[in-house]
Amino acid sequence: MIGGAVFGVVIPYVAIAVFIVGVIYKIIGWANSAVPLKIPTTCGQQYTLPFLRRNIYDRFDCPQTMWETVGRMFFEIFFFRSLFRNTRFYYAPQMKYKDARWLWLFGIAFHYSLLLVLIDHLRFFMNPVPWFSSKLTDGLSLTGVFVPTLYLPGLLIVVALALLWARRLFFGKERTISLPSDHFVLILLLAITISGNLMRYFYKVDLEGVKELILCLSTFNVARAVSIADTIGPVLYIHLTLVSILLAYFPFSKLMHSAGVFFSPTRNMPNDNRVHIHINPWNPEVKGITYEQYYEMYKDQLDEIAENGYKVKPEV
Amino acid sequence: MEEQPEVVKIEQKFPSWRDMLKPVTEKDFKHGFYHYPILKRDAEYLKDYIPFGTRDWDPLDKDWKLPEDWKERFLNAFKDKLEKYRPFKLYMDICVRCGACADKCHYYLGTGDPKNMPVARAELLRSIYRRYFTKSGRIFKEWAGARELTEDVVKELYYYLYQCSLCRRCSAFCPYGIDTAEIVWRGREILNSIGVTHRFTPISIAACARTGNHLGLLPGGMAGALQSAAEDIAEITGVEIEVPINKKGAEVLFVAPSGDYFATPHWFGFMGYIMFFHEIGLDYTWSTYAGEGGNFGTFQSYELAKLLNQKIYHEAERLGVKWIIGGECGHMWRDKHQFMATMNYPLPSTLEDPVNPITGTYFENAAESKMVHIAEFVADVIKHKKVKLDKSRNDHWKVTFHDSCNPARAMGLFEEPRYVIQSCCNYFYEMPEHTIREKTYCCGSGGGNLTEEVMDLRMRGGMPRALALKEVVKKHGVNFMCTICAQDKAAFPILMEYWKLPVEIGAMMELVGNALIMKDEEQERTLDLRGNPLKRGEE
Amino acid sequence: MYSTKYVIAAIIIFLAIVTSPVWYDMASGEPIHPKLAKPTGAHCVENTEWMKAHHMLLLKDWRTMHVREGKVLYTSQTYGDVYNASIEECFKCHRSETNFCEKCHDYMGAKIECFECHTYPELVEEYNK
């Protein structure tokens, strides 16, 4: 009774509360600091003289208008545009560069798999199951091989995570810069995805009960949730507890990059500095030398320039 | 440039994460990589901005004689920066250490020092941020990648924050756009608050605050430089040009980086400006009070940057000019494009719309800050065919173009200089694709590193660019690299010597000056601006 | 707080996404648990809890037994009685596909593949009409 209540009700509730409050706290923490300067990193031709045309890449890599900036952010977030630029410098005799877009490939495989897995999981959270969730699941499942059907993103996510972790383990540079927390997140995600897959294919749990539990949780029917929680096998709780750990850890970790990328001033600001002047809310007064003080200091020389009619003539 | 090693060895080391958290201290400081400390006279002059600078200390000393309460000051300054700068706070939080930036840094490529990876450089500050400003760091200490703030950590920060040229190449590749320049800038500000500053930039900042330019030229010296340039022009072209200086009521104020007044090869570009403005008959003026376009304050702190760039608008107001043209300079244009107008808002009301009086073009992209880049201006004039150019006068040059970091990645100025260069010379070749435009490599000497004591670092940092250049030298016989940055022009000649490349460095305006057919020019020119004989039509 | 407009919008979008199941479930008004048609027999082939989680594997085993190995009879591990290893056997007690199989599978968003080939009670009824 206690076990079910703790793992099935208390931990998930606490985790999701920490997650929501933590993320909002972080976001507000960022928002409380001003953006003093407009510092976009321009990766394309600026908006300029009419005869210098900008192509489509320039418009999104060096946005001038709000919509171009939105476009840049869109490509950044959905296609990891900057990471796709990744080429590696080699000291080779010819200045050939080597494609180093593996990181982009693994990264995008992981993130999209995660998105698809989350959408698939909506079937546990929503009643009735939304049409797009079941359509997507059907479309991405390999039928006729295994019972139940193989959900491909669920497998791909494990592969992608393993590859991302392998980078950190076997490549020198990546190993050097990886902190324990980096490994921790990858291990946690691997544990979550592997436990989820095991549950789907090998250690079956009573899904009907799982869904009932989750629906009770999401409609705050706590008493019923507690009574159902006990009837479900322990495998679920391994998965659920790991997810809870991830959620509670999320706001205090580098995983906040998912929210942070929207706030990055080098990406979310247009390159129109000279057209629309950005205002710094705490712009300090700085006292420099005024012209009058300057004139006092170099009076004779400045007067000499004035005597010559403010111009310099070559002596030939 | 005496002791040159036969072979430059780049040793890559991959220490464990624990070793990465251990500070590099004065015992491991390598000659040619650490900066000398601030001079007392500059510290005295800038004491409002850089306190405690006047004490006796040297980076190689064990005791840096930090103020008693340095730790408190450091952390207060850190907190202050976090509260004032969202980018700084955000970039402390969101890095995932994916490693995309690691091999994008020219200093990392050149030195192999793992702490020169942009991510590791930022981690130096992040580890302190985690320890003192996040809960996980306070609880898990080292295991959360946090570390105590000790004097050794300060030494390490000093060593590595001044091994960055703020070129932002890493930022272009970062999936979140983490801007190491922003982090390093804040880091240097924090170090300033406890009086740990290097020698080079404060010299120029103090000089510029006093005299109006980084070199400390007095008004007479500047007038003299303009006069010499006019004499050189007269010698080569036979045209005698009167150069306006401090002239009230001119239409345009022209601001060049002060390197142009004296240094070679800046000089030939300097002549180019004068010839070009004279030829199109622009009503403009040079200024002694605001004689400096560059802004070394941008390497140090927000306040110092403002201390220098406010002069330009003040002078524009005093002289009553309508708008401003800025010369060829790299970090200057990061300042002029991204910082200056914000820092000096509201702008003087005497400024008017930047309309080119020669062609009537309205520079829409400079509508409010009223400052136009010389490449934009010249490109516009050339496009409207208001000047006659003889491309063949540059036939002895096979030209390539080095995108300077800041005009490239802070401004997006790619096509204008290329348009101008291609209008002025017959032989133009691009360097390999991944070393130009937004992916351009730094010269290795920017961001406050243009100083003798870090020569080893500079030469190593310039390696990627040198190799890229070598490629076009072999392929096309390139012998002239055009750049639009004063620091590039100062740094590259040494780099060319070091990496043994037979390439001359020059300004975009030098090529323009060479090709320009002036109205009152009576004789056909036989020499280029450098005094080399012209070789027309030679392949 | 700076850029308040955008930050508030971002927080609202975040909250909307995270709490969407709550609103969805409240709005849909569906019962938390579907009402399934009560089967007629005394007990299922194996115990009910096990059947809930594993019925698809049992059916798959039956198929292998019946089609590939030619064994037609299955002995229950729980109750010891003998069943015909065929889906027809299920329909002796579970008289409705729509109100039993499909209802629960819809609830879970899981697809049933059995009836792409096999018939089910409602279909037989319709045919007999």
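This is a predicted model: local features need pLDDT of at least 70, side-chain atom pairs count only at pLDDT 80 or more; totals for chains, interfaces and linings use all residues.
## A walk through the three chains

Let's begin inside chain B, where strand S7 (residues 399-402) and S8(B) run parallel and are joined by two bridges.

Chain B holds another open sheet for you to find. Its four strands follow the order S3-S2-S4-S5, and here too the pairing is parallel. At its edges are strand S3 (284-285) and strand S5 (371-373) of chain B, each of which pairs on one side only. Further in, strand S2 (residues 252-255) of chain B runs parallel to strand S4 (residues 323-326) of chain B, and four bridges join them. One pair to pick out is Phe254(B), whose bridge partner in S4(B) is Ile325(B). This sheet has a helix packed on it as well: helix H14 (residues 302-319) of chain B touches S2, S3 and S4 of chain B, and its direction makes about 150 degrees with that of S2(B).

Now zoom out to chain B as a whole. Its domain assignment gives domain 1 (17-198) and domain 2 (205-517). Taken over C-alpha atoms, the centres of domain 1 and domain 2 of chain B are separated by 31 Å. How many residues are in contact between domain 1 and domain 2 of chain B? Domain 1 of chain B contributes 26 residues, which meet 30 residues of domain 2 of chain B. On the domain 1 side, at least two residues each come from helix H2 (40-45), helix H5 (106-111), helix H9 (169-173) and helix H10 (180-192) of chain B. H5(B) gives the most to that side, with five residues. Sorted by class, the side of domain 1 of chain B that touches domain 2 of chain B has 12 nonpolar, nine polar and five charged residues.

Next, let's see how the chains meet. Two pairs of chains touch, and the most contacts are between chains A and B. This contact takes 107 residues from chain B and 83 residues from chain A. On the side of chain B that touches chain A, helix H12 (residues 219-237) of chain B gives the most, with eight residues. That side of chain B divides by class into 56 nonpolar, 22 polar and 29 charged residues. Strands also pair between these chains: strand S5 (residues 311-312) of chain A and strand S1 (residues 243-244) of chain B run antiparallel, joined by two bridges. There, Val312(A) has Val243(B) as its bridge partner in S1(B).

Chain C is in contact with chain A, with 30 residues from chain C and 35 residues from chain A. Helix H1 (4-28), helix H2 (48-68) and helix H4 (97-108) of chain C are the elements that give two or more residues to the chain C side. Among these, H1(C) gives the most, with 11 residues. The side of chain C that touches chain A has 18 nonpolar, five polar and seven charged residues. Chain B and chain C, on the other hand, do not touch, and their nearest C-alpha atoms are 10 Å apart.

Our last stop is a helix pair within chain A. Two packed helices are described by the angle between their axes and the distance between the axes. The axes of helix H9 (residues 180-201) and helix H12 (residues 234-249) of chain A come within 9 Å and cross at roughly 155 degrees. H9(A) and H12(A) are therefore roughly antiparallel to each other, and their crossing is left-handed. Which residues of H9(A) meet H12(A)? They are Leu188(A), Ala191(A), Ile192(A), Ser195(A), Gly196(A) and Met199(A), and their counterparts in H12(A) include Leu236(A), His239(A), Leu242(A) and Leu246(A). By class, the contact of H9(A) with H12(A) has 11 nonpolar, three polar and no charged residues.

Notes. Residues are numbered from 1 along each chain as its sequence is written. Chains are lettered from A and ligands numbered from 1 in the order in which they are written. Domain bounds come from an automatic or database domain assignment. Two residues are in contact if their C-beta atoms, placed from the backbone, lie within 7 Å. Ala, Val, Leu, Ile, Met, Phe, Trp, Tyr, Cys and Pro count as nonpolar, Asp, Glu, Lys and Arg as charged, and the others, Gly among them, as polar. Two strands pair if DSSP finds at least two bridges between them. Axes are lines fitted to C-alpha atoms, for helices over the stretch in contact, and angles run from 0 to 180 degrees between N-to-C directions. Angles under 35 degrees count as roughly parallel, over 145 as roughly antiparallel, 65 to 115 as roughly perpendicular and the rest as oblique. A crossing is left-handed if the near helix is turned anticlockwise from the far one by less than a right angle, and right-handed if clockwise.
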